[in-house]
Every structure is written in structure tokens, then in C-alpha cells.
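Hi everyone, thanks for coming. I'd like to walk you through a few side chains today, so please have a look at the model on the screen.

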Amino acid sequence: MKSHRSAQLRLLLQRLTSGLLLLAVMATVASAGATNPAPGKRGSIPDLVAQASPAVVFIGNVGANGEVQSIGSGFVVKPEGVVVTNFHVIEGAKALQVKMLDGEIYDRIKVIDYDVRRDLAVLKIPAFKTLPTVPLGDASQVLVGQEAVAIGNPQGFEHTVTTGVVSAFRRTEGYRLMQISVPISPGSSGGPLFDLDGKVIGITTSQWVGERSQNLNFAVPAEYVRPLLETKSDPISVAELPQRQPEAPPQQAVQTSGPAGEEPLAAWGVAHDHGSNFDEFCIGYLYISRDVIGFTTEAGAHAWEVPLSGVEEVKK
């Protein structure tokens, strides 16, 4: 009888031991899974920033007097020193300075290619070592409401990180823009906008500022820069870039149908909706002169005028 009970006790102990061993193995596997995410799984924003920041650059636009006259951001996409930024960041420069996260400053910058209308430029810096890079993504696969992260130099505060979402896709002057709630400021222009996989989905380019506006920011989709990276043309110096007309105050930047040389009585920077919900819009000036009210974009691609008398009749 004792022998039978001893056998039962041994069997029970074996089952308990096996169960505890199985639980221990399962806990180990779960712990390993939490520590080492499966390939392709999205990481945290701090991880993204740590990996991407070394490829984000500070760009100084140097004027004829040798002083930095404006600043912007950019990012390295090829290890030999190919940098993407906005065209307006480098426009009007006599020279450029590109500063890396490690403090290294490059000059003698060349321009590989540019797109004035979409506000893009690709630069070549004389890198003496292999540079850190960030990969380009595809904004056409991005969903409205998707989280996004920007790294740039707003107001000169280098490598500032901001987060938000993709608010909408808009169309202006014949191309798409990403509207984002990710805060940007002067100095952020040309910086990368990342998805949570660490891929660049856009180039931060502008913000809409107005009395009743809040957090209306825009980025150029990353796919527009791909053709510029494939150009076969010889790089040129920044001083060889075509110079657009200097941006004038609104009262001098618009044309009216009044007497030659007449300036508007008032003008305001506005976004002109082509529909009813800003799916398509353009940015320009609304102005009033002595006898007309009108609107024009800076390039004059979209413009109209109507007599003030007609507006007064409607008001009545």
C-alpha cells in the first residue's frame, strides 16, 4: 500500500515539475519578445529620434556680406553627402553652410538639382567620411490621422523634435501638399517629416499664420524629390541659381487695373479655396484699390478682379 502511495506521489511531483518548467519557458519567450521586437515592428519616438537625428542638418544661407542671413533644415539621403532641403532655404544665397549634429560644418556646397514650384532642392556637400542617412518613404501610402514626427531647427533651436498627425492632403498650384498638425516654425523649412517606421514621408515647408489660424502646417510629399536625386546634370554653385523677384510687401506685390503705378489701398495674405473644404487651394494676396477688389498668387497663376461697385451692389 505504501509503495502504491509513493508511486502516486512521485507521479504528482513529476506533473507539477513539468508544469512549472513549461511556465518558466513561456515567461522567458514572452520576455525575449518584449525586449527584441519582431523585425519591421514600429519602435518608439525616442528610438526614431536617436537613429535619425545624426542625418538631420542645419543650413545657413550666407549673403554677399559673408554673414548668415537666414537658416533652414535638411537631411542626408546618400552617405557621400547628398542633402535634401527646400528651395527657399537656399534661394538668394551667395554661399551655404551645412552643420551636422556632431558639430562638423561643411561649405563649398553644390546644387545637384532643384524644383522651384514644389520648393525642393538637392545639395552635394564635400563629405570627407561616410555620413549617416535617413530613408525616403512614400507619402501616397500615408493615411490621414497617421502620426508623424519632425526634426528641424525652428528659430535656430537645433534638432528640435515635434510630433502630431497628418491632418489632410491638399492640392495647390498643380501638386499635392500634406497638411500636418506637427508644429514647425521659421528654421524648420527643409527638414524631414517621419512616419513611425523612421522613413521620410515629407519635407516640412511652411506654416499658415493668421489671426484665427492655429497649427496649420504643410509638408511636400517625399516622392516629389525622387526624380531630383536621379538627375545626370553637373552640380552648380548656389550663386548660379536663378533669382526670383525679391518678395515685396503685399502692397507692392500685387497688380491692379487702376492707373499705372497705383498701389492697393490694403492687401492681406490669404488662402483661396478652389472648392468648399480646402481640398484644393492656392496662397496669395487679397487686395483693394481705389475701384477694384482682387486676388493674385505671387506667380500670377491664379488671379481675378471685380469692380468695387459690383461688391457694393451685392451688399445693398
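**Aromatic pairs and a buried asparagine**

Let's start with tyrosine 106, which is buried at a relative accessible area of 4%; buried means under 20%, exposed over 50% and partly exposed in between, with a 1.4 Å probe and protein chains only. Before I go on: this is a predicted model, where local features need pLDDT of at least 70 and side-chain atom pairs count only at pLDDT 80 or more, while totals for chains, interfaces and linings use all residues. Residues are numbered from 1 along each chain as its sequence is written, and side-chain values use heavy atoms, leaving out hydrogens and water.

Across the whole structure, a search turns up three aromatic pairs. Here, rings of Phe, Tyr and Trp (its six-membered ring) pair if their centres lie within 6.5 Å, and planes under 30 degrees apart are stacked, over 60 edge-to-face and the rest tilted. Tyrosine 106 and phenylalanine 128 have ring centres 5.9 Å apart and planes at 35°, so they form a tilted pair. Phenylalanine 128 counts as exposed, at 56% relative accessibility. Next come tyrosine 175 and tyrosine 224: with centres 6.1 Å apart and planes at 85°, they are edge-to-face. Tyrosine 175 is buried, at 9%.

Now, asparagine 86: buried or exposed? Asparagine 86 is buried, at 0% relative accessibility. Its side chain reaches the backbone oxygen of aspartate 119 at 2.9 Å. Leaving aside residues up to four places away in sequence, asparagine 86 touches several others, including Leu120, Ser189 and Thr204, where contact means heavy atoms within 4.5 Å.

Key: Polar contact = N/O pair within 3.5 Å; in protein donor to acceptor, adjacent residues only side chain to side chain.
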